[in-house]
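Come along while I look things up and jot down what turns up.

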Amino acid sequence: MPNFRLRCLLMTAVFGAGCGDSSDTPPPVTPTVDVEQYSGSGPIHVVCTTNIIKDLVRQIGGDRVAVTAIMDGPGVDPHSYTPSPQDTNALTAADLVVYSGLHLEGHFDGPLESLKHRGIPVICVTGGLSNEQPSRLLQTEDGIADPHVWFDPELWLSCGEHLAAELSQFDPDGKEQYSTSAVAFTELMRTTLTQGVEIMATVPEERRVLVTAHDAFEYFARAFNFRVEAVQGISTESKPGLRRVDELVKLLVDNRIAAVFTEQSVSDRNIAALVAGCEAQKHNLKIGGRLFSDTAGAEGTEEETLAGALLHNIRQIATALGATESAAGEPVQNSNATSQQSGGATEAKDSQ
Ligand SMILES: [Zn+2]
């Protein structure tokens with residue numbers, strides 16, 4: 001069993017303050033907006049960390065907010081990104097700062113803590129999840145909470161509700177709008193979940209194994225009934241061992257898994273090692289597609305929203321792992337031809 005297999009645990013009081021922590025990491029930033037309320041006349045200038053948070057703030061804040069993100073693109077890795085002096089300036093110039101938390105933004109603890117001391121309001125969108133009892137968060141065996149909660153629509157809609165409540169405290173005049181937006185966002189997430197489950201149900205159960213570069217898909221697995229395996233742990237800063245690569249090659253060969261997946265914000269190196277390892281054992285492993293893991297798509301694309309990025313992932317995975325129906329629900333006559341046309345991987349054919 002991989003040493004970063006996640007398990008669901010009841011969170012203890014260590015998470016009571018906000019965005020989760022383990023004993024060997026710095027204390028989390030207090031997630032709630034301080035007593036200060038917004039007193040400006042125009043839209044609230046919100047600076048977010050990732051573009052997934054930017055999407056959430058837009059969905060809930062609507063025209064009451066003007067939002068930018070520090071890590072605003074599909075190729076940026078929030079685990080390893082270190083804020084520049086310009087980023088720090090942008091954070092300190094904001095009316096409000098919103099971040100994901102649970103140590104996703106591994107190098108932002110210092111800057112976020114310093115904002116709090118300067119009296120700049122900061123919201124952690126996973127603050128509500130951290131306080132839940134019993135918790136729906138997943139943890140590693142080392143007691144570290146998995147930050148990739150956006151891949152479970154039920155958890156992400158809760159983050160939307162939490163954000164709406166926090167925004168209402170900061171900007172009471174917008175309370176009704178935030179509350180209406182949170183209801184609409186809940187509906188969007190539930191529709192996305194239903195669509196995703198329907199598409200994933202077209203993949204035969206024995207093929208529902210998702211192998212990726214880093215362990216960002218455990219919530220996804222729980223929501224969409226998949227088994228997931230990854231080369232690296234929940235942070236891209238963890239070091240993968242050769243042994244882990246060998247374990248995964250064995251799993252892929254033994255189970256004749258057709259495809260593995262690269263990620264938009266993570267180097268392809270470890271996935272390439274899996275393909276090479278399988279090739280050496282005459283198992284033809286394909287790259288099934290490039291998934292969004294820690295970021296949504298570029299501005300102006302369908303995948304700029306979390307819902308769009310999630311459905312993109314689901315369609316790529318279903319196609320590459322051999323769905324028995326197309327994403328539109330029609331039967332697939334020739335699964336190999338369909339997969340090739342759509343750029344996905346075909347079912348693996350082992351050489352003699
Ligand atoms: Zn990640």
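This is a predicted model: local features need pLDDT of at least 70, side-chain atom pairs count only at pLDDT 80 or more; totals for chains, interfaces and linings use all residues.

**Entry 1: helix 10.** I looked up residues 306-320, which make up helix 10. Is helix 10 enclosed by the rest of the structure, or left open? I found that 12 of its 15 residues are buried, so helix 10 is largely enclosed by the rest of the structure. Among the buried ones I wrote down Leu306, Leu310, Asn313, Ile314, Arg315 and Gln316. From first C-alpha to last, helix 10 reaches 21 Å, close to the 21 Å expected at 1.5 Å a residue. Just after helix 10 I came to glycine 322, which takes a positive phi of about 90°.

**Entry 2: the whole protein.** I stepped back for an overview. I see 11 helices and 10 strands in the protein. There are 352 residues, and 48% of them count as buried. I also checked contacts between residues at least 6 apart in sequence: 69% of these join residues at least 24 apart.

Entry 3: In what order do the four strands of the open sheet lie? I read the order as 3-2-4-5, and the pairing is parallel. Strand 3 and strand 5 (122-124) stand at the edges, each with a single partner strand, so one side of each is left without a neighbour in the sheet. Ignoring direction, neighbouring strands of this sheet are turned by 25° against each other on average.

**Entry 4: strand by strand.** I went through the pairings next. Strand 2 (residues 44-50) pairs with strand 3 (residues 65-71) in the parallel sense, over six bridges. Here isoleucine 44 stands opposite valine 65 of strand 3. To get from strand 2 to strand 3, the chain passes through helix 1 (residues 51-61), and I noted this β-α-β crossover as right-handed. Strand 2 also runs parallel to strand 4 (residues 96-99), with three bridges joining them. Cysteine 48 has valine 98 in strand 4 as its bridge partner. Valine 98 in turn stands opposite isoleucine 123 in strand 5, and three bridges join strand 4 to strand 5. Is strand 2 mostly covered or mostly open? I found it mostly covered, with six of its seven residues buried.

**Entry 5: threonine 49.** Threonine 49 has 28 other C-beta atoms within 10 Å, so it is buried. Which residues does threonine 49 touch, not counting those up to four places away in sequence? My list reads Ala69, Ile70, Met71, Pro78, Tyr99, Ser100, Glu105 and Phe108. I followed up phenylalanine 108: it is 59 residues from threonine 49 in sequence, yet 8.8 Å away in space, C-alpha to C-alpha.

**Entry 6: helix 8.** I moved on to helix 8 (residues 242-254), which has 13 residues and reaches 18 Å, close to the 18 Å expected at 1.5 Å a residue. Its buried residues are Arg244, Leu248, Val249 and Leu252. What covers the buried residues includes strand 7 (209-214), strand 8 (227-232) and helix 9 (269-280).

I also looked up glutamate 247 in helix 8. With 15 C-beta neighbours inside 10 Å, glutamate 247 counts as partly exposed. Valine 231 is 16 residues from glutamate 247 in sequence and 9.4 Å from it in space, C-alpha to C-alpha. After helix 8 comes arginine 256, with a positive phi near 50°.

**Entry 7: helix 6.** Last stop for today. Helix 6 (residues 175-200) has 26 residues and reaches 37 Å, close to the 38 Å expected at 1.5 Å a residue. Among its buried residues I noted Tyr178, Phe185, Met189, Ile199 and Met200. What do the buried residues of helix 6 pack against? I found helix 1, helix 5 (153-170), helix 7 (218-224) and helix 10, where this notebook began.

Technical notes
Residues are numbered from 1 along each chain as its sequence is written. A residue is buried if 20 or more other C-beta atoms lie within 10 Å of its own, exposed if 12 or fewer, and partly exposed in between; C-beta atoms are placed from the backbone. Helices (H or I, at least four residues) and strands (E, at least two) are DSSP runs, numbered from the N terminus. Two strands pair if DSSP finds at least two bridges between them. A crossover is right-handed if, with the strands pointing away from the viewer, the path from the first strand over the helix to the second runs clockwise. The expected span of a helix is 1.5 Å times one less than its number of residues. Two residues are in contact if their C-beta atoms, placed from the backbone, lie within 7 Å. Axes are lines fitted to C-alpha atoms, for helices over the stretch in contact, and angles run from 0 to 180 degrees between N-to-C directions.
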